[in-house]
Amino acid sequence: MRPQRFDIAIIGSGFAGSLLAMIARRLGRSVVLLEKGSHPRIVIGESSTPLANLLLEELVDRYDLPQLRPFCKWGSWQKAYPEVACGLKRGFTFYHHDLDRPAPAVHDRERQLLVAASPADEIADTHWYRADVDAHFVSSAVDCGVTYLDHVQLDSPEFDRDVVRLSGRRGREPVTFEADFVVDASGPRGFLHSSLPLTERDLPGYPRTHALYSHFRGVERLGGEDGAPYPVDDAAVHHVFDRGWIWVLRFNNGVTSAGVAATEELAGELRLSEGAPAWQRLIAALPDLRRQFAHAQPLYEFRYIPNLSFRSGQITGERWALLPSAAGFVDPLLSTGFPLTLFGIERLAQLMETGKLHDPGALSMYAEQTDQDLLATAHLTAALYSSMNDFQTFTARTMLYFAAASYSESARRLGNAHLAPGFLLRKHLVFSRRMRELAEAPPDANLAQEIREGIQPFNVAGLSNPARRNWYPALAEDLIESAHKLGATEDEVVAMLKRCGFNAPQPVLQ
Ligand SMILES: Cc1cc2nc3c(=O)[nH]c(=O)nc-3n(C[C@H](O)[C@H](O)[C@H](O)COP(=O)(O)OP(=O)(O)OC[C@H]3O[C@@H](n4cnc5c(N)ncnc54)[C@H](O)[C@@H]3O)c2cc1C
């Protein structure tokens with residue numbers, strides 16, 4: 001019997017594979033989505049950002065996927081899909097710790113950085129409880145007419161002149177599919193990377209990092225100080241220390257995701273590869289976390305990732321492409337995985353839409369952009385890793401990220417996406433050059449001031465303002481005052497804020 005033939009085969013049914021599959025269907029392509037496991041399943045990578053949510057919103061609007069639009073904000077998600085678990089993310093919370101001299105950080109304003117991403121819960125970002133979200137996306141893909149098969153173990157693909165043949169087994173049954181084009185959405189060192197096989201490339205200047213994580217029940221809230229820009233636990237919470245950091249993300253189903261990422265050197269000192277005992281030792285050493293995790297129970301055995309960062313030597317070829325999440329990864333410190341992946345989906349969708357999926361020039365442009373986005377992320381993340389022992393420098397450098405991200409989001413929301421080219425504005429000649437210089441600038445007493453001046457033309461969120469003492473609420477007035485930087489009038493910014501539901505009362509700062 002002749003194998004079934006599809007326009008597009010997508011390997012891996014995380015949210016990204018399913019989303020691209022739905023878009024391809026909307027563009028009239030036949031699609032097979034092949035998954036080696038099954039849903040629901042445990043998967044890490046959960047925290048969204050304003051830019052990620054906006055990219056998702058743009059994709060679902062452009063490709064007529066209204067069923068996914070509620071996932072772009074906490075409020076609409078709660079109304080439309082209360083059964084799909086998620087967490088409330090009002091911002092980025094950072095605390096600084098010294099592993100040699102541990103002391104509580106939660107009530108010490110000098111050792112914290114709170115950057116709000118939204119003024120109110122209704123329009124806030126979310127942590128995606130991926131077991132639920134990915135299962136939902138797959139079933140939505142099936143509703144869109146995607147042919148979905150789980151438990152598929154694929155052998156190496158065969159590339160003929162006009163077709164890609166994918167063979168393997170599903171249980172005991174041999175299976176074969178033919179496709180015009182294959183997209184690999186199977187994550188780092190995934191299907192095509194290992195089966196073709198592809199080489200790995202260095203991430204220049206980037207430290208090797210390791211991670212250890214689980215999901216827990218019974219994690220207490222940290223609680224914070226009165227007057228903070230948002231409840232500190234309703235955020236992506238980062239506990240930073242020399243050469244490493246811990247993340248804590250709370251979901252509305254009583255589950256909390258937590259883990260540690262550390263340089264190879266620190267991972268060795270902490271003996272992270274031992275799993276649970278290493279986690280317990282680390283938590284016991286940090287008073288805030290010891291209190292928070294006193295009654296916490298991991299839901300499954302700790303998972304250890306020995307080498308987090310990854311950069312594929314090749315990203316596209318004739319009849320195939322890796323999604324950004326299969327082409328590389330650095331570290332979750334700045335929640336960059338979702339936006340990088342969504343930018344890649346946007347680029348591939350455009351190639352499908354314009355009939356250029358088989359155009360070698362267009363494919364190599366996709367590869368180049370995917371790689372450059374990764375390198376820009378790696379450069380900034382490496383600078384942050386190198387300053388984790390010095391919170392003032394770390395905080396000053398994070399402003400480069402927050403300035404680029406908030407500027408990009410605002411410009412796009414105002415219809416001025418051309419002002420914010422590339423992830424982290426990496427294609428903006430002025431900003432990208434300054435970003436590179438400032439990320440590499442020595443950590444001296446002038447750095448914060450230099451960064452404040454460097455980001456000034458792009459600073460639409462009152463960032464780097466010493467008077468705010470590391471608490472940055474989401475204030476409408478900051479955006480309105482910055483209208484000219486965004487190529488807009490104040491009235492246009494006010495109208496944009498209204499469209500986004502940005503009309504909640506502002507917090508009072510102390
Ligand atoms: C520790 C950690 C924390 C992270 N935290 C964040 C965060 O907070 N925010 C953020 O934006 N990003 C984060 N990321 C990145 C994020 O995980 C990815 O960007 C995101 O998961 C990409 O989704 P995806 O659907 O492409 O891939 P995945 O979620 O990795 O899904 C890949 C799918 O492919 C399947 N698969 C694998 N191999 C095969 C095969 N051979 N055949 C068929 N199927 C296969 C897998 O079973 C899986 O279902 C984190 C990553 C790590 C490692």
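Me: Contact here means heavy atoms within 4.5 Å. With that in hand, which residues does Thr126 touch, leaving aside those up to four places away in sequence?

Reply: This is a predicted model, by the way. In it, Thr126 touches Glu46, Ser47, Ser48, Asn53, Phe71, Lys73, Trp74, Trp77, Cys86, Gly87 and Lys89. Thr126 itself sits in strand β6, residues 125-128.

Me: Why is Thr126 called buried?

Reply: Buried means under 20% relative accessible area. Thr126 comes out at 0%, so it counts as buried.

Me: What makes the pair Thr126 and Trp128 a polar contact?

Reply: The cut-off for a pair of N or O atoms is 3.5 Å. The side chains of Thr126 and Trp128 are joined at 3.2 Å, so the pair is within that limit.

Me: How do you know that domain 1 and domain 2 are in contact?

Reply: By the count of residues: 23 from domain 1 are in contact with 27 from domain 2. The size of an interface is often given as the accessible area lost when the parts come together. For domain 1 and domain 2 that is about 2000 Å², with 57% of it on carbon and sulfur atoms.

Me: What makes Glu122 and Lys79 a salt bridge?

Reply: The rule asks for a side-chain nitrogen of Lys or Arg within 4 Å of a carboxyl oxygen of Asp or Glu. Lys79 and Glu122 meet at 2.9 Å, N to O, so they pass. Between domain 1 and domain 2 the count is one salt bridge. Across their interface there are also 14 residue pairs in polar contact.

Me: Which elements give two or more residues to the side of domain 1 that touches domain 2?

Reply: Those are α2 (50-62) and α3 (74-80). Of these, α3 gives the most, with six residues. By class, that side of domain 1 has eleven nonpolar, eight polar and four charged residues.

Me: Over to helix α16, residues 490-499, where Val493 sits. Why is Val493 called buried?

Reply: Val493 has 0% relative accessibility, and the limit is under 20%, so it counts as buried. Val493 touches Leu414, Leu479, Ile480, Ala483 and Ala488, not counting residues up to four places away in sequence. One of these, Leu414, is 79 residues away in sequence but 7.3 Å away in space, C-alpha to C-alpha.

Me: Which is buried and which is partly exposed, Arg319 or Arg469?

Reply: Arg319 has a relative accessible area of 14%, which is under 20%, so it is buried. Arg469 has 42%, between the 20% and 50% limits, so it is partly exposed.

Me: What is the phi of Arg319, and of Arg469?

Reply: Arg319 has a positive phi of about 75° although it is not a glycine, and it lies in the loop between β19 (316-317) and β20 (320-322). Arg469, also not a glycine, has a positive phi of about 45°. Its place is the loop between α14 (447-455) and β22 (471-472).

Me: What is the omega of the cis peptide bond from His39 to Pro40?

Reply: Omega there is near -5°. Pro40 is in the loop between β2 (31-34) and α2. The peptide bond from Leu196 to Pro197 is cis too, with omega near -25°.

How values were computed:
Residues are numbered from 1 along each chain as its sequence is written. This is a predicted model: local features need pLDDT of at least 70, side-chain atom pairs count only at pLDDT 80 or more; totals for chains, interfaces and linings use all residues. Side-chain values use heavy atoms; hydrogens and water are left out. Helices (H or I, at least four residues) and strands (E, at least two) are DSSP runs, numbered from the N terminus. Buried means under 20% relative accessible area, exposed over 50%, partly exposed in between (1.4 Å probe, protein chains only). A polar contact is a pair of N or O atoms within 3.5 Å; within protein, one must be able to donate a hydrogen and the other to accept it, and residues adjacent in sequence count only if both atoms are side-chain atoms. Buried area is the accessible area (1.4 Å probe) that two parts lose on being put together, summed over both. Ala, Val, Leu, Ile, Met, Phe, Trp, Tyr, Cys and Pro count as nonpolar, Asp, Glu, Lys and Arg as charged, and the others, Gly among them, as polar.
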